[in-house]
Amino acid sequence: MKILGISGSLRKASYNTAALRACRELMPQGMTLEMAEIGDMPMFNQDIFDAGLPAPVKRFRDAVTAADGVLIASPEYNFSLTPALKNAIDWASRPPNQSWQDKPVAVFSVSVGPMGGARVQYDIRRILGQIWAHVLPRPEVFIGSAQGKFDAQGKLTDEATRKFLTDLLAGFGTWITRMKR
């Protein structure tokens, strides 16, 4: 199964991106993870869309379409999505060939706060559900107090968090199989 990883954070030292890199190591056998780039897309504008998709947008839409499933890790900005993640979702949601249609998606969040980005997940789930993505209902993974769970190089060191992500990925594999039936 080919999984596309999307980090909602554009920060170089992003804990969400670091957690996605850790997921590469934790993937069940038969699953691979490729990371998407979302920081180079212009802000969504229907005029730009109508004039022809910019290369970064086309690349992203094609990657979402080609993936068996999409794994999203996002911080919480002001109780919701980051602008970069919302922009990526919007670009891939436009017809024709809406990229999210029937796409299995799993979501987790990483935050330096104690709640682990819980509120952002509900907004992501709500938005994706309205554009017919199939979002894995559980397990829900909220990684709080991230600064104590990664080393200075961004390697995930917390064993409990590794277990949560391992369980999420195993459940995601089952979900993808179920959604493809």
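**Exercise 1. Is Asp 123 buried or exposed, and at what relative accessibility?** Locate the residue and list its contacts.

*Solution.* The structure is a predicted model.

Step 1. Asp 123 belongs to helix α5, which covers residues 118-130.

Step 2. The relative accessibility of Asp 123 is 18%. Buried means under 20%, so Asp 123 counts as buried.

Step 3. With neighbours within four places in sequence left aside, Asp 123 is in contact with Phe 79, Ser 80 and Leu 81.

**Exercise 2. Describe how strands β1 and β2 are arranged, and name the unit they make with helix α1.**

*Solution.* Step 1. Strand β1 spans residues 2-7 and strand β2 spans residues 32-35; the two run parallel and are joined by four bridges.

Step 1. Within this pairing, Ile 3 of the chain stands opposite Leu 33 in β2.

Step 2. Helix α1 comprises residues 15-26, and together with β1 and β2 it makes a β-α-β unit that is right-handed.

**Exercise 3. Classify the ring pair of Tyr 15 and Phe 150, and describe the surroundings of each residue.**

*Solution.* Step 1. A pair of aromatic rings is described by the distance of the centres and the angle of the planes. Five aromatic pairs are found in a search of the whole structure.

Step 1. For Tyr 15 and Phe 150, the ring centres are 5.3 Å apart and the planes lie at 35°, so the pair is tilted.

Step 2. This pair links distant parts of the chain, 135 residues apart: Tyr 15 lies in helix α1, and Phe 150 in the loop between β6 and α6.

Step 3. Tyr 15 counts as partly exposed, at 23% relative accessibility, whereas Phe 150 counts as buried, at 7%.

Step 4. The ring of Tyr 15 also has a charge over it: the charged end of Arg 11 sits 5.6 Å from the ring centre.

**Exercise 4. Carry out the classification for Phe 44 and Trp 91, and name the cluster that holds them.**

*Solution.* Step 1. The centres of the two rings are 4.8 Å apart and the planes stand at 70°; planes over 60 degrees apart count as edge-to-face, so the pair of Phe 44 and Trp 91 is edge-to-face.

Step 1. Phe 44 is in the loop between β2 and α2, and Trp 91 is in helix α4 (residues 83-92), 47 residues apart.

Step 2. Phe 44 has 25% relative accessibility and counts as partly exposed; Trp 91 is buried, with a relative accessible area of 0%.

Step 3. Phe 44 and Trp 91 form one aromatic cluster with Phe 49.

Technical notes
Residues numbered from 1 in each chain as written. Predicted model: local features only at pLDDT ≥ 70, side-chain atom pairs only at ≥ 80, totals over all residues. Heavy atoms only, no water. Pairing = 2+ DSSP bridges. Right-handed = clockwise from strand over helix to strand, strands pointing away. Phe/Tyr/Trp six-rings, centres within 6.5 Å; stacked < 30°, edge-to-face > 60°. Buried < 20%, exposed > 50% of the residue type's maximum accessible area, 1.4 Å probe, protein only. Lys NZ or Arg CZ within 6 Å of the ring centre and 35° of its normal. Contact = heavy atoms within 4.5 Å.
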